[in-house]
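Please look over the sequence and the model first.

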Amino acid sequence: MRHKMKIVKGDITKLAVDAIVNAANTTLLGGGGVDGAIHRAAGPGLLAECRTLGGCRPGEAKITRGYDLPAKYVIHTVGPVWKGGNNREPETLASCYRKSLELAVKHGLKTVAFPAISTGVYGYPKEQACRIAVSETAAFLNAHPEIQEVTFVCFTDGDVSVYERVMGDLLQEQK
Ligand code: AR6
């Protein structure tokens, strides 16, 4: 499934994919980081639709239109806040990727881009988060051939190296 997973460096708000995923908070009413960038680029229509959704629990996902973004839809998911790793953080983070991809399938979407959920303000260690992102996505793609491509959007060169290494390791393990 590696051929269906792509790593790019840059700003997720610029991507013309079917859906970009937002690393939101439980209110779904905006914030800093990638959430702030997505709301700024999408314009006020996004916040207006988010107000109708009634928030979102950690590990769950909800979908809206993309408004002024080049992406058609935004899938909002809420990652776990890192509290040392013994508070179901890995399960919650895996659920974010799975539920986001399930929503994409449900809406007939074929290309999805993820930021590194929880690795900013929420403090999840980058490499551990990346392993979950890549392994959960690979498992989902195996079971759902209708998804054509998943892009992991990295904000820094350091993040790109982590994703490349983790994806390489995963490929080795599958041999
Ligand atoms: N494109 C791609 N990645 C980005 C962008 C961007 N434009 N901007 C930041 N990143 P964070 P979290 C990366 O903090 O940890 C918000 O206030 C960033 O470098 O955005 O899940 C929400 O409202 C990092 O690797 O999300 C919540 O309250 C990754 O995106 C809270 O932050 C995620 O960092 C969620 O925290």
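The sections below cover the ligand and its surroundings, then a few single residues.

## The model

The structure is a predicted model.

Two elements each give two or more residues to the shell around it: strand β2, residues 19-24, and helix α1, residues 33-42. The largest share comes from α1, which gives four residues.

There are 23 residues around the ligand, and those that come nearest are Asn25, Gly32, Val34, Asp35 and Val121. By type, the shell divides into 11 nonpolar, nine polar and three charged residues.

Val34 uses its backbone instead: one of its backbone N or O atoms is 2.8 Å from an oxygen atom of the ligand. In Thr119 an N or O atom of the side chain is 2.9 Å from an oxygen atom of the ligand. Taken alone, the ligand exposes 700 Å², and 90% of that is buried by the protein.

## Asn22 and Asp35

Asn22 belongs to strand β2. Its relative accessibility is 0%, so Asn22 counts as buried, the cut-off being under 20%. The side chain of Asn22 makes a polar contact of 2.7 Å with the side chain of Asp35. Asp35 is also one of the residues that come nearest to the ligand.

Is Cys154 buried or exposed? Cys154 is buried, because its relative accessible area is 1%. The residue lies in strand β6, which runs over residues 149-154.

Cys154 and Ile7 are 147 residues apart in sequence, yet their C-alpha atoms are 7.2 Å apart in space.

## Two loop residues with positive phi

Tyr67 has a positive phi of about 50 degrees, although it is not a glycine. Tyr67 is found in the loop between β3, residues 61-65, and β4, residues 73-78. At 37% relative accessibility, Tyr67 counts as partly exposed.

Arg88 is another residue other than glycine with a positive phi, here near 60 degrees. The loop that holds Arg88 runs between β4 and α3, the latter covering residues 89-106.

Technical notes
Residues are numbered from 1 along each chain as its sequence is written. This is a predicted model: local features need pLDDT of at least 70, side-chain atom pairs count only at pLDDT 80 or more; totals for chains, interfaces and linings use all residues. Side-chain values use heavy atoms; hydrogens and water are left out. A residue is near a molecule or strand if one of its heavy atoms lies within 4 Å of it. A polar contact is a pair of N or O atoms within 3.5 Å; within protein, one must be able to donate a hydrogen and the other to accept it, and residues adjacent in sequence count only if both atoms are side-chain atoms. Accessible areas come from the Shrake-Rupley method with a 1.4 Å probe; for residues, only the protein chains shown count as cover. Ala, Val, Leu, Ile, Met, Phe, Trp, Tyr, Cys and Pro count as nonpolar, Asp, Glu, Lys and Arg as charged, and the others, Gly among them, as polar. Buried means under 20% relative accessible area, exposed over 50%, partly exposed in between (1.4 Å probe, protein chains only).
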